Structure formats: structure tokens, C-alpha cells
Amino acid sequence: MAENMTLDYKFLKELTESFGPSGNEKQVAALIRAYAENFVDSSETDTLGNLILSKNGAGNKDQAAGKKKIMIAAHMDEVGLIVTYIDRHGYLYFSPVGGIKEAELPGRRVMFGSGLKGVVARERKKNEQGKPMGKCFIDIGVNGEEKAREKVKEGDMAVLSGEFVETESHIIAKALDNRVGCFIALQVLKNYQGEHDLYVVFTVQEEVGARGAKTAAFEIEPDLALIIDTTISYDTPKEEYRTAANKGVAIKAMDRTIIVSPKIKQWMTDTAQRHGIPYQCEVISAGGTDSGPVHLTKGGIATGGLAVPVRYLHTASEVAAKADIEAAYALLSELVKNPPEI
Amino acid sequence: MYLKELCELNGISGNEKPVRDFIVEHLKQQVDEYKIDKIGNLIVRKQSSDGLAGDTETKRAPVVLLAAHMDEVGLLITEITGEGFLKFATVGGIDPQILISKTVLCGNNIPGVIGCKAIHLQKREERKQTLSINDLYIDIGAGSKEEAEKNVKIGDYVAFASEFAEFGSGLFKAKAFDDRAGCAIIMEIMADRYPCSLVGAFTVQEEVGLRGSKVVSNYVQADLAIIIEATAARDTTEKREEEWVVELGKGPACSLMDALTIYKPELIARISDLAREKGIPLQFRRGTAAANDAGNLHLAGSGIPSITLSIPCRNIHSMNSLISKQDYENCLALVRLILNKCHTLI
């Protein structure tokens, strides 16, 4: 790699530990805003809750003279649970928020925005084959509905709890999807000294259908958008190798919601090669990220996607390789310095 | 109250004209302006009580968008058989089981009955299975294909034949409460002026995928959107209360999250406080499935803070839906309250 890219992961720890299920991203936004206060030229929050930070470029003020608006988007939200019913014992019934598998929840600790903790359990009901079929609920350790209502109400959301662990080569944490993207985007913005205006949008509600990115792109109307997110790592035992941890930053070619233009893809891979940054190509037939709605905004916006491969996505213990995080940081930093002619 | 007349009009998705004409007829004297867009949405506007338009830059009144869809679910004729029976497709979500032996109105108000094989003629195996749309047909009493073709043609809409009635203790029975109840509430609201400018959006084609509101979201701007809907009550057959979604008689239901929208927690908290202060019953919609026009409207332009208030409805998407008169009135009262207090909400 071009430079020594050792990143300080302390802030990533804070980011992953903060609370931000889709539609409730305020705590994450506040953390990012405070961190960036001294190095941005503007900071605003839009109607949906997207946090938009920007740095003016050093180049000519005239857009016609070649100064571009570049937007980086990273979603702040994480998957979670929403309370829909509180029973007379004080147990909380819920629906999932985003792609979270109910079957994997029993036994997991969860955390509410207020700091309240609970554990997910399942009704003992079994079907004829003896498989559990009862509904899951959250036990917050209270005696009865009234006590529960002092702490929580319908509509409150919870996220999975998980400790942040840093090993020599990897990070284990909850919500790496996509606080790692927020972390990378923020480091790029911090160190950015390019010609063009750089907007970094920390978007809301990606996990439920990339909703925040739609209104943010409409408002900013950038010349170029780069989305930094996570993707599935297929390097665990008995899995076919596709995108995988420790193989570099993933450059998006296609998913269910976008086909990245060959020109953008070429520019991204050329940049990675020129700077000796390890990269891999991401093609997935399911799922999508903020790049979907963004590239279809207004008259269409040139859009590329980068991702950090993460194992065990949408669980309390997501695992990412530091080398990939550093590669993503290095590539994104280079890309915003030299955008292509569009 | 416009509810009876609205429910008895037929306006299946894509064919909302009778409903739109009725609304225009009754509102044109009461609103400041109205327009019908290219897909058929009706947009009415009414300035605030202090005369401030919502779109002037200086001293601007807040703009509140009220939205309800005009369309209802129904059927569409796809084939006329050699015997003169009509095969059909559903428009919007309809359970085939509710259709059997029901009366309908085809095309230009030609009465028909939905038929299927009688239980006497069904084989033992057939009796165990549920019938699909393909097993059903509409009988308009025509003796032949030629005779049927004199009265109906392929592509004609088929509506449920059902009259509005008061029912039991304080219930209403009719087809199409979803979402004529919402239309009726917005019509009543438009009779008065409020401290905010009002935009009323009566949308088309909600039942087939929120299509009308997609177009509205391309041009409308507002500081707050209130989507008024009917929602499926599940307070009868499920034994366990935690599986109920909403209950009749407990007030309008405020959505927390559905398949396309997460409603702002701060806004919901303020509205439920407001309802509590004024003693208006309000319940939360405990299911998170399904969606409504809020899915498009809350993402309009750079975003519109949105809430959905729904009237609980039993047997929704059928010819005999039931709602509570009190829920209707409480929903209307809550919308009025929100409009009068909108300065504190935005």
C-alpha cells in the first residue's frame, strides 16, 4: 500500500457500541457530529435524520470550471427489534427491524436506547416434530406490565448487545454493518484536502430499504456518489469463496438494485491497482445498499460502491479484517482526490 | 357525513373517476383550488385561517398534507367463456374464499353472482382444498357467449354489490371503508380553516402498489403528512391478544412501523401526548406488515415527516367490512386537533 495506513480503532469501538436501529439513529449521529466538529465546514441534519457533513474543495468555486460535488454515503443504522406489544407479565413482543433472523435470537442480550437491557426468549410451544414454534419475546426482568411500562413503550427499539474485540488482525463487534463504513468515511473526510467539494452523508434506514439515501441524494444532487458499506464474507469453512475477508476492499459490480457503470468500475479498479491497494469484485444476486436509490435520483447520478467483507452479518458478533478496512480507507481516499470525467 | 355515499360508489384501482367526481362536486366550493394530475390523483388546497399561503417565503404557514386513497379492491374480467360465464382477475389483495356466491356489479352495472362447483359435485379431495380464483366465475345469467358480450367486455371492472348499513351497537357495515373512510375524513376537514395550509391528496391505485402516491411524491411539498387509512383488525379469531393487530372501538390506530415506513418516534410521542391530554383514545398498530401511501410520501423530495392514522376494520377487502362509528369520529377529532396544534408538532 502507498502509505502506512494504521488506523486508530478506538473511535470504531465507540461507533459500534452506540445505539442506532433504523429510524433511531440519533445517538450515532451525535457521536459522529461531535467527532467531526473541528474539521468540517458544514454540518446539518435533514428531515429523515441523515447527517450531512461537508468540506469545501480548494479548487475553483465555479462548478462549470470543473469543481465537482462528491458525495460519500455510509449508513448509520443497524438491524434491531421493535416492541409491538407488552403483555401483563411485562414481556415484550416485537417485530424485526431489517434482516434479523428470529430463530437466532433466543438467548441473545439486547439493549434499548435508554440503556435498558433484556434477553430474548421463546415461548415453549413446540410443533408435532418437536421443533420450537412459539413466538420470541424480550424479558427485561420486571414484575408485571406496569413496571415494564415505566421503562419501555410500544414502538421502542432494541439492538443486539455485543462487546467490541480487537485482535491483531481482526475486529469483532456488533453493528460493524455499517459503523465500519461510517468510520472509514469519517477518516477520509478528516484527511481530505482535495480540489472538489466533499459531502459525507451518514444515512438512516438503509437496513429497511435504503430510504435515507434517497432523500439525501435528492437534496445534495452530487456529480458523483460513492457508497461505503459491508458485504458478506464467504470465507468460513465449507463455503464457496466469493467476496471474502482479507482479500481486500470489495468494489461493487452488481446487486439487486444497481449495475455499476463500467466506466465507474474501471476507474475504481484502476485507482486501486495504481496505488497497490488489494481489491476484489462484488457481484451479488440478492440485496442492495444505498447505491440503489442514489443512482436513480433525479436525472441519474454516477454511483460506485465499496464494501468491507464481514463474516456473520446482522449478528451480535460481526467479524471484519483490519487489512480490508485499511484497504477500503486507502481506496476511498484516492478516489475522492481524482474523480473521473462524467 | 359523506361516508355512506362514498362507500357505495365504485372506484376500483385505475377506475376511480366516480369517487373523484363526487369529491370534487362536494369540495370545489370549500377549497381554494383543486387539480387532477395525469394519473388521476385529486389534489385540493386550502390556505391557513390567517390567510397565509403555505408556499410564500416570508411568514409562511406550515403546510400539512392529508392523504387518503380513493381506490378499492375489486375484480377485472379477463375472459368470456363459451357458456357466457366471466372469468376474472383480482385487482388488489382479495382472498378468493370471500368471493363465492357473492353479488357483484360488472362493467356498466350488470348484476352478477360469483359461482363455483357446488359441494354436492365436489370430489372428496376437492372438499379439502381451498378454491382458487381459477375455480370461480361470474354468472350474469347470460345463455351464451354472444349474449354475455352484449352486456360486458373483457377489461370491464367488477365491483362488490353492497350497501352501507348501521350495524349492531355503533358499527357501520359497507364495502370500501379502505379507504373511503380516509376520504370522508379529509372531506369533512376541508370544510374548515386551520392555522396551517392544507393540501388534500386523494390518491389512485394504492391497492395495486402505491402508484398514485408515487406521482404525488414527485411534486408535493409539506411540513407534515397525515395518511388516513383503514387497517385490518384482528381482534376476533386469534385467541391470543399478543397476535391482535388493532381492536375496534379503541380509537384510531397510529402506525409505529410498517413494511415501507418507520414513523418518527418523537412525532408519535408528541401526537400520543396530545391525544391523551384531550382524552381522545388512540391505539398503536401492533403489526408491522403491509404498507400504505406513507411509503412514498415520507420520502418525497428531501423527506416529509409522516404519520399514519388508521380506522380499525374487520373483514377488510371484502363486501361486508365493519368499522366502529366512534373510531371514525375519534379519528376525525384527532386530525382536527393535530391541525390546530401543528405548530407544536413541526
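In the predicted model, L81(A) stands opposite A158(A), a residue of strand β9(A). The two strands concerned are β4, which spans residues 80–86 of chain A, and β9, which spans residues 157–160 of chain A. They pair in the antiparallel sense, and two bridges join them. Strands of a sheet pair through backbone hydrogen bonds, in either a parallel or an antiparallel arrangement.

This pairing belongs to a closed barrel of six strands in chain A, with the order β4-β5-β8-β7-β6-β9 and antiparallel pairing. From one strand to the next, the twist averages 45°.

Chain A also meets chain B, in a contact that takes 27 residues from chain A and 23 residues from chain B. The size of an interface is often expressed as the accessible area lost when the parts come together. Between chain A and chain B, about 2200 Å² is buried, 59% of it on carbon and sulfur atoms. On the side of chain A, the residues that lose the most area to chain B are T47(A), Y85(A) and R211(A), which together account for 29% of what that side buries.

Six residue pairs are in polar contact across the interface of chain A and chain B, counting pairs with both residues at pLDDT 80 or more. One salt bridge is counted between the two chains. It links K26(A) to E266(B), with the closest N and O atoms 3.1 Å apart. Strands β4 and β5 (92–97) and helix α5 (212–220) of chain A each supply at least two residues of the side that touches chain B. By residue type, that side of chain A comprises ten nonpolar, nine polar and eight charged residues.

How values were computed: Residues are numbered from 1 along each chain as its sequence is written. Chains are lettered from A and ligands numbered from 1 in the order in which they are written. This is a predicted model: local features need pLDDT of at least 70, side-chain atom pairs count only at pLDDT 80 or more; totals for chains, interfaces and linings use all residues. Side-chain values use heavy atoms; hydrogens and water are left out. Two strands pair if DSSP finds at least two bridges between them. Helices (H or I, at least four residues) and strands (E, at least two) are DSSP runs, numbered from the N terminus. Axes are lines fitted to C-alpha atoms, for helices over the stretch in contact, and angles run from 0 to 180 degrees between N-to-C directions. Contact means heavy atoms within 4.5 Å. Buried area is the accessible area (1.4 Å probe) that two parts lose on being put together, summed over both. A salt bridge is a side-chain nitrogen of Lys or Arg within 4 Å of a carboxyl oxygen of Asp or Glu. A polar contact is a pair of N or O atoms within 3.5 Å; within protein, one must be able to donate a hydrogen and the other to accept it, and residues adjacent in sequence count only if both atoms are side-chain atoms. Ala, Val, Leu, Ile, Met, Phe, Trp, Tyr, Cys and Pro count as nonpolar, Asp, Glu, Lys and Arg as charged, and the others, Gly among them, as polar.
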